[in-house]
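Q: Could you show me how to read a backbone angle and a sheet in a protein model?

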Amino acid sequence: MKLKTFLILLGTISSYFFIGTIKANPSTEDPTITDVQEFSVDGIDVLLRESKETPTVTAILFIKGGTSIIPEGENVSTEYFATRLVPESGTEFTSKQRFRRVMTRMGSGIGGGDGRDYSVLSMRSTRENFDTTWKFYSEMIVHPVIDQVEFQNLERNALVGIQSGRNDPDALSKMVIDSIYFLGHPYSKRMTKEDIEAQTPDHTLAYYKSIMVKSRMLLVVVGKISREELEKKMKKSGMTSLPPGNYMQTAIPVPARSNSPGAYFPSIARNLPTHYVIGFHRIPSMGDPDYYPYLRMRNFFGGFLFQHLRVQSNLAYAPNNDDIEARSSAEMITFQTAYVDSAIRIIFKDIDFFQQNTLLESAVKGNVAKWATSNYLKQETTIEQASAIGQAQLLTGSWRNAFISFDKLAAVKPEDIQRIANTYYKNFNWVVVGDTRNVDKNLLESR
C-alpha cells in the first residue's frame, strides 16, 4: 500500500544513522504546484495552500521520524496506539461522547496513524464547521487523553490482527518479506503480541506527549483559510507553547538485503491450493533523478506482467507491481500461481527484454498524457493535496515534488528505461508461501 493511501485511510500497521538533513534536488522539483506558502510559526514548520474557492479545509500534522526513530527499548506498538487512540478519546476539555456527537453532526473527520518516516494526525471539515473542528483537533494535539474503553478495543483488535495474519497466506507473505528485506534497517521495527500486551493507557499518553514537540512537527493545510487566520488559530490553541524538542532529520541507509538476491519459504499451518509469491527489489525514491525513468519502466513492466502471466499463459489471475514509497523505497511484485518456476522464468525473461533492448521512442512517449491527466485529477481534493505536499516535503526535502510532472515524464528517453532496468531490476528477494517442495530455490536466487 502506498503511503498516500495510508494518509487518506489512516489504517496501516507499521511495523547506522548519521545526523544530517534532507536537501532538495532542484533538478527533480515539479513546478505543477507553485502557490504553497512555506513559513514557521514559533518553531512549527507550516505549508499552506490557500484556496478561496474551495469550501473545505484539510490539515495534516506530520510527526517527523515516525516509527523508524522510536528509541531503543520502546515498543513500536506505542506509536501505533498513541496516534490512533488520541483521535478517538476526546480531550481534556471535550468528552468523547460530545466529540463524537458534534463531529457526526458536522460531517467532519479527525484521525491518526503511524508510519515509518512520519506519523500523522489529520482533520477535514467544511469551511462552515472549521472553527469547531479545529478546536477539537488542536485540543487533541495540546490537551490529549486516552480513553480506557478505546484502549481495550484497539488492543484486542491489534492482537486479533496479528494472529489472523499468521493464518492468511497473503498477509504472511508480506510480513515475512518485509521482515527479511528490512532486517537490521530502521524500517525493521514492527509490532509483536508481546509488546502489544505490555502497553498501558498511561504509557501511551506519556509517549504521545513526548513526540508532540515543535521540532518534529510539519503542519500542512489546504483549503479556504489565510495565513493570518491560521497563525492566530495556532497561537490561540496553545500549539506554539509546546516544547521545542531537539529533533534532527536522519539519513536512512539502503537495506543491506537489497544488495543480494534471496528466496524464503515460510511455513503455514494449512494446505493451500496455490502459491502466494511476493518479491522486493530496490528502486529510486521520490526526488531521485532516476525517479521519472523508473515510473515509465514500472508502467511497462506492469503491463508485461499482466499480459504474459495472466493473458498469454494464464499462470496468475492478478499479477501486480506496486511501490513502497519511503525514503528507502522498493518495488513489490505480487502474484498467486500453482506454477512458481514457470512464472518466475517469464518475469526474468521480461526483465531481460528491458535490459537488452532499447524501446521505440513512440512507445515511451505513448500514454504519458493519459497518466498525467489522472495525476492532475488527484489534485482536486484537499486531502490529496495536503498528503502529497507533506509527503514530498519530508521524503524529498521539497513540497515541489508533490505531484508527477508531465514535462519530466515526457522527457524520459528509451535509453533511460534500459539503464533503469539494468540498475534496479536485480537482487530480487522472494517469499513463497505454499507447498514449495517442487519450487526451484536456485532459480529464485539467480537474479
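This is a predicted model: local features need pLDDT of at least 70, side-chain atom pairs count only at pLDDT 80 or more; totals for chains, interfaces and linings use all residues.

Q: What is phi at Asn314, and where is Asn314 found?

A: Most residues other than glycine have a negative phi. Asn314, however, has a positive phi near 55 degrees, and it is found in the loop between helix H10 (291–312) and strand E9 (320–324), helices (H or I, at least four residues) and strands (E, at least two) being DSSP runs numbered from the N terminus.

Q: Does Asn427 count as buried or exposed?

A: Buried means under 20% relative accessible area, exposed over 50%, and partly exposed in between (1.4 Å probe, protein chains only). Asn427 counts as buried because its relative accessibility is 17%, whereas Asn314, at 56%, counts as exposed. Asn427 also has a positive phi, of about 55 degrees, and lies in the loop between helix H16 (414–424) and strand E11 (429–433).

Q: In what order do the five strands form the open sheet?

A: Two strands pair if DSSP finds at least two bridges between them. The order is E7-E11-E8-E10-E9, with mixed pairing, and the edge strands, E7 (262–264) and E9, each pair on one side only. Strands E8 (residues 275–282) and E10 (residues 330–337) pair in the antiparallel sense over eight bridges, with Gly279 opposite Ile333 in E10.

Technical notes:
Residues are numbered from 1 along each chain as its sequence is written. Side-chain values use heavy atoms; hydrogens and water are left out.
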